[in-house]
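Here's a quick briefing for anyone meeting this structure for the first time. Take a look at it, then read on.

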Amino acid sequence: MIKKLLFLFVLTALFLAFIPQLTKPSSTLKAVFRLTEQPAVIVKGTQGSALTINISFGEKEVEELLGKLSQPYPLLFIDSDWASRFPHITEQIKQRSMPVALLGTEGQHYESNPKLLSEQLQTFEELFSTRPLWFRTTDEEFPLALLQELSEAEINALGSTIQWSGGTLPKATKGEIIAVSYARNEHVAMADIQRLLASRTFQSVEDLLFQSTVKTKKIPQ
């Protein structure tokens, strides 16, 4: 009898111990919105390669680029002011269901203009009818106040492992996030983009990050 009571006691204790695990929210659902608990910049995963393209300048060049891209599409970081000037390109991106994110300006601008991010977000949402999951500054500098604002808006700060401007192909590394820019003072030739695409198998940023442990760059207080 004593052995039976002891067995029931142990069974009840184990059941009570597992109840919190069964009732707490799924960590996967939380990760969809925020990949880091504290303000930090995601710069790398642990497997695969992902390509991201910053677009803030050009018309014909960007149209040529988009015409050459195929699935899985790279993540396009779009400057909202640029997109406002070329609505026909914005429409092409939407029709092809290309993944988009918000490209900001230099990090220091968000310290001098606290309303800048909210203004850019509003324009982006009006153009693409969606809220971005990812955000990047052009110089990949993220002041702490900006990171906190992004965290409150449930938007992830995404930097890069490699910023590539053409020429010699970067050596492939696991979990790499490669950034290529189409900016006023920087334009990567289409031939170079095609060489890069042929050099390794690319996957989406979500696949690279959600299926692995992300690496982050801590921001000093």
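In which sense do strand S3 and strand S4 pair, and over how many bridges? S3 (residues 75-79) and S4 (residues 100-103) pair in the parallel sense, over four bridges. Keep in mind that this is a predicted model, where local features need pLDDT of at least 70 and side-chain atom pairs count only at pLDDT 80 or more, while totals for chains, interfaces and linings use all residues. Residues are numbered from 1 along each chain as its sequence is written, and side-chain values use heavy atoms, with hydrogens and water left out.

**Strands**
- A quick word on terms: strands (E, at least two residues) and helices (H or I, at least four) are DSSP runs numbered from the N terminus, and two strands pair if DSSP finds at least two bridges between them.

**Nonpolar cores**
- A nonpolar core is a set of buried Ala, Val, Leu, Ile, Met, Phe, Trp, Tyr and Cys residues joined through side-chain atoms within 4.5 Å; buried means under 20% relative accessible area, exposed over 50%, and partly exposed in between (1.4 Å probe, protein chains only).
- The largest one has 45 residues, and Leu76, Ile78, Ile93, Phe135 and Leu150 have the most contacts inside it.
- Helix H7 (residues 116-128) gives this core its largest share, six residues.
- Another core lies apart from it, with twelve residues, including Phe77 and Leu208.

**Loops worth a look**
- Going from glutamine 71 to proline 72, the peptide bond is cis, with omega near -5°; proline 72 sits in the loop between helix H3 (60-68) and S3.
- Serine 97 isn't a glycine, yet has a positive phi of about 55°. You'll find serine 97 in the loop between helix H5 (87-95) and S4, exposed at a relative accessible area of 59%.
- Serine 129, also not a glycine, has a positive phi of about 55°. The loop between H7 and S5 holds serine 129, which counts as exposed at 62% relative accessibility.
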